[in-house]
Amino acid sequence: MVLSLLEKVARYGIRASAGKGYNKVKGLVLEPYYRHKHRRAPSYSNPSDGELKQIEEGLHSHGNTLKTLTISREDFQEFKDRLPFPSYYFSHDAVLRNEKLLEHFIAYEMCNLQDAVSASASANAKDFLYLDVAGSGSPWVQVLNENGINAVSIDLQLSPSFRHLEFYREMDATKTDFDAASVDGISLQCAYEMFIGDNDRLLVDECVRILKPGGSVIIVPLYMHTHYCGYSTLEYYGKGFADPGATEYIRLGFPGVPFSRKYDVEKLNERVISRAEQQGMACEIYALQDKDSLGEGVYCHFVLKMTKALDT
Ligand SMILES: C[S@@+](CC[C@H](N)C(=O)[O-])C[C@H]1O[C@@H](n2cnc3c(N)ncnc32)[C@H](O)[C@@H]1O
């Protein structure tokens, strides 16, 4: 107990450790209160397989470009071997770790990072720039930099473990410091749904600004539902973080999420696709096939790829 306290102070510093301790106590006191207060709040459930099919049909009938995405188990394994993530990343949950690695693999493939890895020794490798938007505590860009790729992670809040690395930067992704047309590829792993308020729309504009012509932004997973909704964790439920018009559900079991948005087909088109297309982006939605072959508990289903036109 004393050792673990000392380890925390060494790792996060005195102020952050005190803050974490305070939050733990606050959580212990407030959780029972909120549980009681919101005992009748509707709980969130992921769409069933049948509902995912229904959403796919809705995308088709809306005229969205919907493609299938098949990933070979061997290619996924080769990625894990070639660019190994540190063992501490989701070390507590092998199923979740596999899901997270899969999301990174999809981003890697769709941002053509394999070409960048192969070309990393070449003279123009330094002109290549990849952004992990809302990278949080992911070691991904550290792994990429160790393999010769110029990669930067940005997030509203920096993880203390990466603060000392110049390629982890604290920044609002809707208004970044990057020059116009300076970025080759962008991806968001399990993050876009957390862009609360207008930030999902503003991120589209910022990606259009900073991507080079022909560059893509990948959203993986793209969370969808049969109806426009989302969930808030206990401490945020009913406090106005949900989008107006979206059904707000509660999610128990973990804290820290003001609102995690799930689009229905209409809202996806209204908020994201039309805005991107109006600015010259080509939008493709992918539905992941044969998930069971990629490991237990894979939940990623939709992926959104938006590519900036070459002539802009
Ligand atoms: C679930 S975490 C992302 C997990 C991470 N990508 C991974 O794969 O481990 C969601 C993150 O989105 C970040 N975020 C939300 N809005 C943002 C914004 N406007 N700009 C940058 N980051 C943002 C939050 O700070 C949070 O760290």
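How many nonpolar, polar and charged residues does the shell around the ligand have?

## The ligand shell

By class, that shell has 8 nonpolar, 8 polar and 3 charged residues. Here Ala, Val, Leu, Ile, Met, Phe, Trp, Tyr, Cys and Pro count as nonpolar, Asp, Glu, Lys and Arg as charged, and the others, Gly among them, as polar. In total, 19 residues surround the ligand, and the closest are Ala134, Ser136, Ser138, Ala173 and Gln189. A residue is near a molecule if its C-beta atom, placed from the backbone, lies within 6 Å of it.

## Before you read on

Please keep in mind that this is a predicted model: local features need pLDDT of at least 70, side-chain atom pairs count only at pLDDT 80 or more, and totals for chains, interfaces and linings use all residues. Residues are numbered from 1 along each chain as its sequence is written.

## Two helices side by side

Two packed helices are described by the angle between their axes and the distance between the axes. For helix H8 (residues 199-210) and helix H9 (residues 265-278), the axes come within 9 Å and cross at roughly 20 degrees. H8 is therefore roughly parallel to H9, a label for angles under 35 degrees. Axes are lines fitted to C-alpha atoms, for helices over the stretch in contact, and angles run from 0 to 180 degrees between N-to-C directions. Helices (H or I, at least four residues) and strands (E, at least two) are DSSP runs, numbered from the N terminus.

Which residues make the contact? H8 contributes Asp200, Arg201 and Val204, while H9 brings Arg271, Val272, Arg275 and Ala276; residues are in contact if their C-beta atoms, placed from the backbone, lie within 7 Å. This H8 and H9 contact divides into 3 nonpolar, no polar and 4 charged residues.

## A three-stranded sheet

An open sheet of 3 strands runs in the order E8-E7-E9, with mixed pairing. Strands pair if DSSP finds at least two bridges between them. Strand E8 (247-251) and strand E9 (260-262) are at the edges with a single partner strand each, so one side of each lacks a neighbour in the sheet. From one strand to the next, the twist averages 25 degrees.

Strand E7 (residues 229-233) pairs with E9 in the antiparallel sense over 3 bridges, and glycine 230 has arginine 261 of E9 as its bridge partner.

## The partners of E10

Strand E10 (residues 281-288) pairs with strand E1 (residues 66-69) in the parallel sense over 4 bridges. Lysine 67 has tyrosine 286 in E10 as its bridge partner. E10 and strand E11 (residues 302-308) run antiparallel, joined by 7 bridges, and isoleucine 285 stands opposite leucine 304 in E11.

Definitions and conventions: Parallel < 35°, antiparallel > 145°, perpendicular 65-115°, else oblique. Contact = placed C-beta atoms within 7 Å.
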